[in-house]
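Let's take a friendly walk through a protein, looking at one helix and then at the spaces inside the fold. Have the structure open as you read.

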Amino acid sequence: MAASAPRLQVRSIALVGKYQSRSLRTPLTQIAAFAAQRGLAVLVERNTAESNGIDGLRHASLEEISTQADLAVVIGGDGTLLNVARGLVRSQIALVGINQGRVGFLTDIALASMLAALADILDGKYIEEQRMLLQSRVERDGAVVEQACAFNDVVVSKGSTGRIIEFDVMIDAQPVYSQRSDGIVVATPTGSTAYALSAGGPILYPDLRALVVVPICQHTMAIRPMVLGAQQAIEIELTNDSWSKARVVCDGQQSLPLEIGDRVLIRARERPLRLIHPAGYDYFELLRTKLHWGG
């Protein structure tokens, strides 16, 4: 999974922590001191700094970080990295994740080894991946009412009630099927190990240019998960929502209520996300560990 992108030229780093977490002061100050010793400029995301009482360092918004930092160090869980990735989606900044969460598919560096791992990365000992993102938009009566990007998945869901929803699925403007179910997941290879996997979908290797489409608790078992090319466009139209409160959700974090007739259009973003791993990163070892494969 070694990338063909230019090698990292790091002159400044940004530190971003789990939203409103107040337990990150120690690792944040340790990384800041380490970066200063390396002659790097340090920016701390504004909410992270305020939540943890970080003074004496420059505070910055995600927008400022996107144009002024070369590497973003994210401390938290996978959800934190997903949120930061969406906030920096228009930039080419590289991200590295330090795990303070439970799963750690994306934030794969342990707190205990973070300084050694960062030293190796700054010394050029790392693996870079180009991770695909999704772009979605919701059209209502011919007008765009919402646009969002997703790192893991875009989900059309029945919402908070127990009733199923009905929708049509089209690929490249061609009708594929109509479905009654709890919803449908459209996931990137990164997201194939998240909600899509729980719904019965396959695991896609992270650097594939592909999408996976997985029904959620469908009324009939005739429709199976599909793997599509990244160039294909997916359209989901809500046709019946008589009893439910359907929603479209990006990465489990951004949510919008849907109405009958709404069209959700999903396709891969042209520009990928740059994700940095320490040298020796092994995706299959990660799967074995996180999914408890083997003895």
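## Before we start

When residues are sorted by class, Ala, Val, Leu, Ile, Met, Phe, Trp, Tyr, Cys and Pro count as nonpolar, Asp, Glu, Lys and Arg as charged, and the others, Gly among them, as polar.

This is a predicted model, in which local features need pLDDT of at least 70 and side-chain atom pairs count only at pLDDT 80 or more, while totals for chains, interfaces and linings use all residues. Residues are numbered from 1 along each chain as its sequence is written, and side-chain values use heavy atoms, with hydrogens and water left out.

## The largest pocket

A pocket is an open set of points on a 1 Å grid over the protein atoms alone, with protein on both sides within 12 Å along at least five of seven lines; its lining residues have an atom within 4 Å of a point. A volume is the space filled by probe spheres set on the points, which are joined across faces, edges and corners.

The largest pocket holds about 580 Å³ of space. Its lining has 33 residues, and D78, G79, L82, V103 and N152 lie nearest the centre. By class, the lining divides into 13 nonpolar, 14 polar and 6 charged residues. Helix 4 (78-87) gives the most, with 4 residues. Helices (H or I, at least four residues) and strands (E, at least two) are DSSP runs, numbered from the N terminus.

Helix 1 covers residues 25-37. Which of its residues are buried? They are P27, L28, I31, A32, F34 and A35, where buried means under 20% relative accessible area and exposed over 50%, with partly exposed in between (1.4 Å probe, protein chains only). These residues sit on the same side of helix 1 because they cover an arc of only 165° around the axis, taken from the directions from the helix axis to the C-beta atoms. On the other side, A36 and Q37 are exposed.

## The largest cavity

A cavity is a set of grid points where a 1.4 Å probe fits but cannot get out. The structure holds 2 cavities of 30 Å³ or more, and the largest has a volume of about 40 Å³. What lines the largest cavity? Its lining is I13, I31, F34, A35, L40, L71, V73, L118 and L122.

Helix 1 supplies the largest share of this lining, 3 residues. By class, the lining has 9 nonpolar, no polar and no charged residues.

Technical notes: The expected span of a helix is 1.5 Å times one less than its number of residues.
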